[in-house]
Each structure stands twice: as C-alpha cells, then as structure tokens.
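Dear colleague,

Please read them beside the coordinates.

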Amino acid sequence: MKNRVLTENCLKKRDDGDHRLGYAGNPNHDGVASQVAGMNLMSESLNYDMTNSSSSHGIPIMGAVSKGVSDFSQTSGFHIEGLSPSKMAKVCEVLSSLDIKVGSEVFFMKIISWNIRGLGSRTKRRVVKDFLRLQNPDVVMFQETKREVCDRRFVGSVWSVRNKEWAILPACGALGGILIIWDSKKMRGEEVVIGSFSVSVKFLLDGSGPLWMSAVYGPNNPSIRKEFWAELSDLFGLTYPSWCVGGDFNVIRRRSEKLGGSRVTSSMRDFDGFIRESELHDSPLRNASFTWSNMQESPVCKRLDRFLYSNEWKLSFPQSLQEVLPRWTSDHWPIVLDTNPFKWGPTPFRFENMWLQHHNFKESFSSWWREFEGNGWEGHKFMRKLQFVKAKLKDWNKNTFGLLKERKKSISDEIANIDAIEQEGALSSDLVALRAIRKGELEELILREEIHWKQKAKIKWVKEGDCNSKLFHKVANGRRNKNFIKILENERGLVVDSSESITEEILLYFKKLYSCPPRESWRVEGMIGPLFQKRAHLVFQDCWDVIKEDLVRVFAEFHNSGIINQNTNASFIVLLPKKSQSKKISDFRPISLITCLYKIIAKVLSGRLRGVLQETIHSTQGAFVQGRQILDAVLIANEIVDEKKRSGEEGVVFKIDFEKAYDHVKWDFLDHVLEKKGWVKAARGLRQGDPLSPFLFTIVADVLSRMLLKAEERNLLEGFRVGRNRCRVSHLQFADDTILFASPREEEVQTLKSLLLVFGQISGLKVNLDKSNLFGINLDQNHLSRLALLLDCKASDWPILYLGLPLGGNPTACGFGIQ
C-alpha cells in the first residue's frame, strides 16, 4: 500500500518547528525493511518485511504493502485456512492463469464517522469498542483522537475486528488527530494520502473502479479555513471521479443547521461554494437535524459532521443514506453512511433481455427444458420445469457473461496489446484474426450492456445499440430511488424507518385490507414463482418450438378440470407510489406480478370474455367492452350537463370515488354474480396486473348499474331527462369512475345514499365520501350544502375533470379544455 503526502504545502509546521507525519498501520506486518533517513525519502516506497516484527507501532506513511500481500488482496477476501499470505498469493496466481475468479459479489459498505473528543481514557475506548461491535461497520473514521501514535495494541482496544488496517494523522500534543480504520478482509487499501486536515485512502473493489474515502477534521479557527478548503479541493482532483469525504468539518452550511438559526458567515459561504463547485451530494440526515451539542440545560446544537460524495459514488451506491447513531460518549453524535441501509432479503429472479442475444441461448434453453423429468399435473410440471431452467440460467449467466465491466476491460486490454505489437511491425496473421474476434466480442458485450441498462431504465424511446451513456444508469437509479420505501407512516401516525418495522406495517395493512369474514381464514403465500416479469414472455416467443407441446398440454388439462394449480396462480406484489412524496402505505398502489403461464391462460379467458361482455353489461358502462370508448362517456356526460343547464331545471351531479376499488371486491359476491349470469365460480380483492381483473370488476360494477335502473323503474330515482324523447339518465360508468345524476329532492338523494351503502355492504366496494363531490345545476349554494351534508361529502363548483377531460365548463371560454 503506497503512502504519500498530499502536497508539500499540506504539511504544516507545528509549534516545535518539526513536520508531523501520519502513519498507516497493518497489524499483521509490523516490521519495516528500511529506516527513513530523512525527509528526502518521503517519495520512496518501502516494503514490509514479512519476518521482521521488531516495530511496535504503525507503518510510516511512506511505507507500502509488499507485492505478495497486494496480490492476495485481489481475491476479494478469498482465503484457504492454513495457507500463509505468500502461499495464498501463489494459489491466486494459478487461479488467475486459469481465468478462475472468486468472490465477485455486489459490495456494500457501512462507514461510521465520529468526533470522539479523545481516546486516551481506557474506559472511553471500552465504550467505543462495545459500540462498534454492535454497529459492525466496515470503515471507522475518528476525529480528535488526541493521540500522536496509534500502534496495534491501541487500535485493537478501540475496534475488535480481527483483520484491520489503519492510517493516522497524529495529534499535535493534545489537539486534533485523525484515525481511520477499515476491515481489511472486506476492503483492500491501495494507497494512503496524509494532509494537514485529512487522511485519504484509496480502495480497490472487485467489479468496479477504485474509490477514495477521506476522513477530515476541519479547523475551528476561521483564519486557516481557507487552507482547509484548498486541501479539500486538491483532494477532489486527486480522488476523481469516485470520492466520499466524511468527518467533523467544524462549520455549518445553512442557517437551519444551528438550533434557533444562525447568521450567514463567510465560512458558511465558502463551505457551500466548495460543495457546489465540486458537485458533491450533501444528503440530509435521515433521523436527526444536528450532530453536536454543548450538552447544557439550554443546549446549543449544530450539524458539524456530515458525509459528502461525488456523482460517481452516487451512481455506484444509489441507495446511500446517512443518519445519526446513539451517542454513548463525547459531545458529538456518531454518523453513519450506509450504502445498503435496507436489507429486504433476496430479490426475485429477473430475466435479462440481453440473454436472448447470445448465439447459444436457444440451444442451451432447449437442452435444459428437455433435461427435466417430472410427474403429476401438467401445470405443476410446467412450473417445475421453469424453476429448473431458472436455476440453470443463473449458472449460465455467471459462466457466460460474468461481470460485464471486467470482461470489457479484459478484451480491451487484449486488443490494446495486439495494437502495440502492430506498432512494432511484428503482427502475425493469427494475431490479426484474434484481434478481429476480440473486437466482435467487445461489440457484442457493449450491445448486451446497453440492453441490460435499457431494460432497467425502461426508456422505450431509446433504440438498442444507441450510446450506452450515464443516462441509462441515472434513469435506472432514479426509478429505483423513487420506488424505494425509506420511511413509512402507519395508521397511528408513527413514522417507522427500519426494514423490519416497514415490512411488519405493510403486512399488517394488507392483512387487514384483504381480510375475509371471521368464518374464513387468511394466509400469505411466501413462495415466489419462476419468471415473474412481463419480459419473460420473450422467452416463450423465442423458444416457442421448445415449449409449445408442454403448454398445449397445460391448456388441455385446464379446460378439462377448470383448476389452476397453486404454483401457477401465485403472485408477487409490488408497491408503486401514487405520488412523488409517498409516506403512508395508502399512498402506494399494490400491483401483482403474475407468472407467465397464468398470464397466458388469463389472456385467453379475457379474450373470450371480451367477446360476450357487451351482451350482459348495461350500456351505461363504457369500460373494457367492445365497441365502447372512453370518449363516449365524456361526450355524453357533457351533453347531459349542458342541456340541464340550458333548460333552467334544477339538478345535482354526484361524482363518487370507490375506496380501494380493486382491493375490496368480495369474492363470494363475484361468485354469486357470475353464477347468476350463468358463468363460473375467489375471499376478497382483484389483482391489479391480472388480465382478467378489469373484466371481472366491470361485472361487479354492473350490479350497481342494475340497482340504479331498478330504482328508476320503481320511480325512486328520477335522474335527468334529456333529448327530444326525454330519455331518463341516472348514471354513467367507466370502470370504477361513476357519476350519478339526480333531482335536488332530499328524498331522492337519500335513496342514492342508501343504494350506495347497500351495494358497498354486499360487494365490498365502499364509497370514499371524503373524495366524493356533489355539484349543483341551477341550484343555490345553501340547498347544495344541505344535500352535501346529507351525503357526508363535499359541495364543489364547476367545471370538473371527468376521465381526464373537463366537464361542465363554458366551451366558448378562453382556455377551456386546457388542463
């Protein structure tokens, strides 16, 4: 591990006139092969002596890890018990020569920064050690250590992790001092840079480029803060593009970062200017506002500690969050930057479109499909085959594609080597052919990577093969962050922010939402079936000749028995936010990701249902019925309202909103309706995402239409009379968007309310009166308010939006229809 001074002017003279140098330590290698003769040797590297253990302190900053240790680190934590590092390095060389890679996983980090206000007390170190054992970080940054030397024993008294390396900026007497420690089994330190106010470490991670972390302790003296900003600017240039800096900056950025507010100072403006010029991300603390207090009765609180990181860091770790940890000692709260703050468990299998581009995919898929042999129902065997193929696909993906970045770099290096040979005029025909092959492989990898990121970003207007820019990455990460549930407000108004509590609240909410009557049981299926995504249908299309016979047998079995097995009918529920700032669970829409096999069966059934739906659904319903369009409902509603206004007759329009329409449909009610219509035989809820759900919901909503028509026949509802024939119209429907027309008589309004209550009781579709609105036509406001009070809804004014278009406005007015 190379160590160097940041810049010559970053080494500040202390009061005694000497230069104080930092130390980088490794507990496994204490010896130093050579002694530093003087300052003229600072730019040279020293090697660890693997046998000499005479040194009792850390390695001087100009020390470097020996080659064997460096090579060993490249295996990303891979180790064989009983082998020394030098022998392990030889094993790794053999693995590398055979193109065998180990330990290539997605890497996450937990970084803690803490101004500890001195580590001299043994009692305080014991408290800190217990705190770190509980938090289990990967990197720890201490400020104000007040220590000039940190040897192996001292560092071990602070953090008990077995494999650790460290680097320090010594304190000047009892002032200052920085100590950064990292778990060397997880993090591979490559280089250390010591400044006057910072310690920076370069880490290498498998599957990605290098990244830098800097621990800083800003000066409290405003007169030397300019030097602090200059050093940070130098670090930004040195560490570009992936950098994270954390610590005690000893200055606030905004007035709100001090309890009670603060005037804007020049130091605050300089701090804000540095962050903006360097384009660093300054994410807010998730669970607190301040990181320091004077711990008095009337406290002074400030946010002096924070993490800042670059755009490249954010792309690599898009879910990074920083928050305050419990303060066990010191007057500063420790802060943590967690790149994976929510551990939700394993993610479902996702099919990658780029697999279809591989020349060997179809042949491999066919081989795997025929390899599986099973017994039982055809539907069950089909799902078991998909599960078998899924496992094969995972292994095939690792062996065939590996890590795209690593493969791209390897091929690029090989092409560059051949080009270098060509410059010397010694290029053979074999190398010419090899270069052509490698260029073809590189083009194919780039195409696959673009397809991969296009699929993640879901940018439909970008063609495959376009430039693989950061746009894909930013959009994909943006979608992930938007859909990510970081905090949740429960029904009691309490905010929960841990993955366990969020999961518990979601389960409780949906258990209540989808609960059956007391005589029936409710259960959650924990199984996630194979190929749960809409893009998996591409496999069925591409490999149709392989699976068609099995699929036809599944359909024949289904039509004979009328039963879909449990595996096929399972679904995976995802929550999509309805608005940008979704905090409550009710702000999310549950969408069911269903298996491809079920979707095919449901598509066939919905196609057949569509053909006969118009014969049984009343003409007032305009959704999901052949020959009826959404504009029909809008135009008819406008004509009805306009004619009523022109006639001078009084009337009311009631626009109702069903509460969680799809989720509250009772299955026994749906069964009863289907039987009455002469069709088929669900406890409650229709799956959003199921091709059958819209048609089944239309059938349920048609019951309300029939109830209203029956009330018309018995003259309980008058509705509006329109047209030359004075045709009676009491309602219009488009799926769950329902609009009712009635006379302003209180008796008729009460009848409407009763019908809606009865329908809600028998079907589960209850009207959300808080979101429902009553509008008057040629009616005074007092009368309209009385009717709204009777319905427990809001009285509103014209115009309104109905199915996304204006209703009840003046069509001759300027701007009408522009929303």
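Is Glu144 buried or exposed? Glu144 is buried, because its relative accessible area is 10%, where buried means under 20% relative accessible area, exposed over 50%, and partly exposed in between, with a 1.4 Å probe and protein chains only.

Before going further, please note that this is a predicted model, in which local features need pLDDT of at least 70 and side-chain atom pairs count only at pLDDT 80 or more, whereas totals for chains, interfaces and linings use all residues. Residues are numbered from 1 along each chain as its sequence is written, and side-chain values use heavy atoms, with hydrogens and water left out.

Glu144 is paired in a salt bridge with Arg117, their closest N and O atoms lying 3.2 Å apart; a salt bridge here is a side-chain nitrogen of Lys or Arg within 4 Å of a carboxyl oxygen of Asp or Glu. This pair links distant parts of the chain, 27 residues apart, with Arg117 in the loop between strand 6 and helix 3 and Glu144 in the loop between strand 7 and helix 4 (helices, H or I of at least four residues, and strands, E of at least two, are DSSP runs numbered from the N terminus).

The whole structure holds 28 salt bridges. One of them joins Arg303 to Glu257 at 3.9 Å, N to O, and both of these residues are buried. They also belong to a network of salt bridges whose members include Arg253, Asp272 and Arg306. Within helix 15, Asp550 and Arg553 are three residues apart, about one turn of the helix, and their closest N and O atoms are 2.9 Å apart in a salt bridge.

On the surface, Ile630, Leu631, Leu635 and Leu805 form a nonpolar patch (residues with over 30% relative accessible area and no salt bridge, nonpolar side chains being joined within 5 Å). Helix 18 gives the most to this patch, with three residues, while Leu805 lies in strand 31.

With best regards

Conventions: Patches are made of residues with over 30% relative accessible area and no salt bridge: like charges are joined within 9 Å, nonpolar side chains (Val, Leu, Ile, Met, Phe, Trp, Tyr) within 5 Å. Accessible areas come from the Shrake-Rupley method with a 1.4 Å probe; for residues, only the protein chains shown count as cover.
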